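Here is a friendly briefing on how a protein packs its inside. Please have a look at the sequence and the structure first.

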Amino acid sequence: MPLSKSNIKSVCVFCGSSFGDDPAYRQAALDLGQVLAGADLRLVYGGGGVGLMGETARAVHDAGGKVLGIMPQFLRSREILYDDVETRVVTNMHERKMMMFEESDAFIVLPGGVGTLEEAIELMSWRRLDLHKKPVIFLNVNGFWDPFFTLIEHTLKTQFTPVSFRNTYHSVDTVEEVLPAIAVLISVDLDIDTRKVV
């Protein structure tokens, strides 16, 4: 199902406010931004102009795409507001995350730190609780998220997390796989026992 014919209009990207130690992370952010713009999908993101978040937003904007940034007031100087795109300034992190959730139809998680991880886990937890059915896709650049997936499997093995938790997210290795993965997830029952869409 082409995304242009689906109900997917806006995609939220969670990612780091720095570039990390692998140039492939920055390239993935740039490529993803161009792909989103090319598919006429609005980017929803954290509003900053630095790191992978800034790279993704600039790539979408430079390619003629739509961007919505959502930034808490106290982070304006730290994450350097990207003024070239529509930005909403909110009062706190909770408001930011809720607005990002409400404005988005699907989520893509690029490499990032504890903030990115927190945002992703919250989405996965909400999905586990049947609070939403929006696709959550990890772009696992050069295996960045493998240790996290190993931890999730450990919680499954030790029976602290139900096996069905695997259905709350999916992982792909390349930018080219992201939109096809979302298309698959919105056209089938999400209760499938796989983490990787090919």
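Contact, or touching, means heavy atoms within 4.5 Å. This is a predicted model, where local features need pLDDT of at least 70 and side-chain atom pairs count only at pLDDT 80 or more, while totals for chains, interfaces and linings use all residues. Residues are numbered from 1 along each chain as its sequence is written, and side-chain values use heavy atoms, leaving out hydrogens and water.

**The largest core**

- A nonpolar core is a set of buried Ala, Val, Leu, Ile, Met, Phe, Trp, Tyr and Cys residues joined through side-chain atoms within 4.5 Å; buried means under 20% relative accessible area (1.4 Å probe, protein chains only).
- The largest one has 33 residues, and Leu-36, Ile-108 and Leu-139 have the most contacts inside it.
- H1 gives this core its largest share, 6 residues; helices (H or I, at least four residues) and strands (E, at least two) are DSSP runs, numbered from the N terminus.
- Not counting residues up to four places away in sequence, Leu-139 touches several residues, including Ala-28, Ile-108, Trp-145 and Val-178.

- Another core, of 24 residues, lies apart from the largest one, and Val-90, Leu-123, Trp-126 and Phe-148 are among its members.

**Helix H6**

- Val-178, Leu-179, Ala-181, Ile-182, Ala-183 and Leu-185 are buried in helix H6 (residues 178-187).
- The cover over these buried residues includes helix H1 (23-38), strand E5 (106-109), strand E6 (136-139) and strand E7 (170-172).

Notes
Buried < 20%, exposed > 50% of the residue type's maximum accessible area, 1.4 Å probe, protein only.
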